[in-house]
Amino acid sequence: MSRLVVHSARKVDADGQVDDFWVVADGAHITATGTGTGWRPSAAEADTVIDAQGHWLTPGFIDLHCHGGGGHPYDDGVEEMRAALVTHRAHGTTRALISHVANPLASLRESLAIVAELTATDPLVLGSHLEGPFLAPERRGAHDARFLRDPEPEAVEQLIAAARGTLRTATIAPELPNALEAIGVLTEAGVVVGVGHTAADYAQAARAFEVGARLLTHAFNAMPGIHHRAPGPIMAAIDNPEVTLELILDGLHVHPSVAALLFREAPGRVALVTDAMAAAGASDGNYRLGELNVTVHDGLAVLSGTETIAGSTLTQDAALRNAVTRAGIDPVDAVTALTRTPAHVLGEDHRLGRLHTGYVADAVLLDHDWRVQTVVADGSVL
């Protein structure tokens, strides 16, 4: 069993900020933490010792919503998935869901089965997020309209079965026929349901949360906004203390001032996600998202020939920088939104999302400008 020691760090996680912090990992788990020089005896027997030099040390980031990166999409086979994961891990994402856009049921079953196999061999992959096909056509965003469908019981059961216990989250427009029943079926199967790509009003969204939905998929995007006489799904999510709200904080999907408002109104319930497509961590150019063509210019991904945003080119370290430097979010709250909050959504907050004894040894060392220096997953430097 290998031993890792990181010392002289400025730790920040959901428990707060601590200077001169150290952490010891034996194998995949944290076995000791503290401040000062108590790390020295462990360092004498360590395989790797990292002097953080006063830089930021956070838990590993967890992305609930991502479609690819590094020029590689998640919907084109296992090798493309692995290549995309490498890019995001270099930017601090140590655990992630694989998100699937709307496709024919047969293709989705195949993708879910591939992720099930990948999850069995790669502990850094936490399972699948089914974003399509149960979405409102008028709020479909970058999902192919040909493949959208109502959440009929047979289709829902097929997709659950194909994932073999690795379907972790699913997005549904709750106004669709059978949607409330589907939320119940998915929740019973252990899937966290998100309300999203929806034209639902406040009452419809609130009802979805009442029957078990616990997530708002990329708040403000692909849904009605907040109107003073029609508060819509965003306010329904804010008003329910059991609901977590995803947020794409790239400065393009949501204005930083609106992001700051969400952090104020739903403290501890914002999960920063990337919703990244293949161009994240890659260059501008032409890409594919499912069966649709995407053009990326100056980091903005849109369906080719339109102004419809098609995912993002965001990485989670950039989301952290944007939160702290552009939206003015306290570092503890920003880091929590990348770590403890998404871990809680997945029921993994007993082992992920904190730099604490007994937790999995995932960590990100960032310089004073919040740029990644070193990434640790399962106690090993990536």
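Is R207 buried, partly exposed or exposed, and what is its relative accessible area? In this predicted model, R207 comes out as partly exposed, with a relative accessible area of 41%. The residue forms a salt bridge with E210, and the closest N and O atoms of that pair sit 3.2 Å apart. Both residues belong to helix 6 (residues 202-210), where they are 3 residues apart, about one turn of the helix. E210 counts as exposed, at 56% relative accessibility.

Opposite charges on side chains can pair when the charged atoms come close. The count of salt bridges in the model comes to 17. One of them links R354 with D15, with 2.9 Å between the closest N and O atoms. R354 sits in the loop between helix 11 (340-345) and strand 19 (363-366), while D15 sits in the loop between strand 1 (3-13) and strand 2 (16-26), so this pair ties together parts that are 339 residues apart in sequence. As for accessibility, R354 counts as buried because its relative accessibility is 15%, under the 20% cut-off. D15, at 44%, counts as partly exposed.

Another salt bridge pairs E291 with R288, and here the closest N and O atoms are 3.6 Å apart. E291 is partly exposed, with a relative accessible area of 40%, and R288 is partly exposed too, at 41% relative accessibility.

Key: Residues numbered from 1 in each chain as written. Predicted model: local features only at pLDDT ≥ 70, side-chain atom pairs only at ≥ 80, totals over all residues. Heavy atoms only, no water. Salt bridge = Lys/Arg side-chain N within 4 Å of Asp/Glu carboxyl O. Helix = DSSP H or I, 4+ residues; strand = E, 2+ residues; numbered from the N terminus. Buried < 20%, exposed > 50% of the residue type's maximum accessible area, 1.4 Å probe, protein only.
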